[in-house]
Amino acid sequence: MGRIPFSGPFPAYGRDMRDHPRLPTSPGFWRSPLRGTWFTAVLGLVLLVGVTVLFVTGLVSYAAYNPGLSRVNDMTPDKGALGFYLFAWPASPVWLYRFTQGLHVTLGITLIPVLLAKLWSVVPKLFELPPVRSVTHGLERISLLLLVGGGLFEFTTGVLNVQLDYVFPGSFYPLHFYGAWVFFAAFVAHAVLKTPTAVRAVRHRLREGSYLESPSPDAPTVSRRGALGLVGGGSLLLFLTTVGQTLGGPFRRTALLAPHGTADPGGGPNGFQINKTAAYAGITEADTHEDNWRLVVTGRTGTVRLSRTQLLQLPLHSSSLPIACVEGWSTADQWWRGVRLRDLAALVGYDGDPPDVLVESLQRHGAFRRAALRANQVADGRSLLALSVNGEELSPDHGHPARIIVPAAPGVLNTKWVARLTFGDL
């Protein structure tokens, strides 16, 4: 049997798939009158700014852990050149991490409707035939795969982390860290290729002439501006139900999408958010009893062991500081009282500028049961080994018998149930 001769860029079945109106590979399959160059360009430019801010604040959050200080602070093994950071995290202003991480989380959640609308607006291009027209086109398609997949992965893991719902395999820190670099690399490549077109489309209000427009659209039920208003309204709603977790205080009641802790903190001086309870950390009453617990302080001149009674006899100082966590939530300022870290360093031979310190908790398992602090954080007069909060002894869930509180540091570095302080260069 002879074959029917073919002349053209696609085989016959390819043309049929491209032109059959019931197949997604056909432009006629996509009937929405909302899709178009201008609509997609507006969403793309919003994401251009928003995702850039997300990436920068993500790097800032990484720097807040002082990843070069000690491996105990960095949960991203084998990071290589990706693990660079440019400065030691400062202790002032005290609200710095609260602001940067709150911006990161709140903006990420606010951009979800924009991201979904942008993906919806370009979905016909995923079915474009032929799938690869040239080497350049093939590379562009691969970058789009990384862009879409990376974007969905980063936003999904970020939201799950905010909700303290770790259903994904592995640790959040390396997954989100490496995923961010893959996503942003693809994002930059896409932005370089598409931003000039998007700017022209918005400036000149281009609506025709791309694969995005349907050749036979359905009758519109809403304008493109109306659709953008709907997307913006969704983002505004998410913003209003998220931002209260960063503002803290009475605004927390409006943060319907924010984590509210794993336990009810109750009322009174210790009535502020708890993410990790003493029971969850395996801390028992016997561990923290006055007869059993001792703080072990090690430094240049040896080791000192202090009971809680002895700590209370040292000069005590107060600091008004919030707690801010990677999930984006923060408390209002709490009034902490305890022994300055630099005074504890002086007990073991560091009378001048104190060095770094490794803090170890009674908690035996889990991430951040050990944390390291930079010398500048130790030297700050507001950095305390806190023994009480708001005029009352620390509750077990807030770290009794003693916890770290440091200005502008991520919450996980404010170690609870402190058992040992080791001063020295780390």
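Hi everyone, let me start with a pair of side chains: R382 and D380 meet in a salt bridge, with N to O at 2.9 Å. Salt bridge here means a side-chain nitrogen of Lys or Arg within 4 Å of a carboxyl oxygen of Asp or Glu. D380 is buried at 14% relative accessible area, while R382, at 29%, counts as partly exposed. The cut-offs are under 20% for buried, over 50% for exposed, and partly exposed in between, with a 1.4 Å probe and protein chains only.

A word on the source. This is a predicted model, where local features need pLDDT of at least 70 and side-chain atom pairs count only at pLDDT 80 or more, while totals for chains, interfaces and linings use all residues. Residues are numbered from 1 along each chain as its sequence is written, and side-chain values use heavy atoms, leaving out hydrogens and water.

Back to the charges. The salt bridge count comes to seven. Another one joins D333 to R98, with the closest N and O atoms 3.9 Å apart. D333 sits in the loop between strand 3 (317-321) and strand 4 (334-340), and R98 in helix 3 (residues 96-110), so this pair ties together parts that are 235 residues apart in sequence. Helices (H or I, at least four residues) and strands (E, at least two) are DSSP runs, numbered from the N terminus.

Now, which residues have the most contacts inside the largest nonpolar core? They are L344 and F423, in a core of 42 residues. Such a core is a set of buried Ala, Val, Leu, Ile, Met, Phe, Trp, Tyr and Cys residues joined through side-chain atoms within 4.5 Å. Strand 10 (residues 418-423) gives the largest share, four residues. Domain 1 (37-254) and domain 2 (279-423) both contribute, so the core lies between them; those bounds come from an automatic or database domain assignment. Apart from this core lies another, of 26 residues, with W38, V42, F177 and L228 among them.

Finally, helix 6 (residues 172-204). At K194 there is a kink of about 50°, shortly before the proline P196; the bend is the angle between axes fitted to the seven residues ending there and the seven starting there. Just after the helix, R205 takes a positive phi of about 55°. F184 is also in helix 6, and at 16% relative accessibility F184 counts as buried. Leaving aside neighbours within four places in sequence, F184 is in contact (heavy atoms within 4.5 Å) with V51, T52 and F55.
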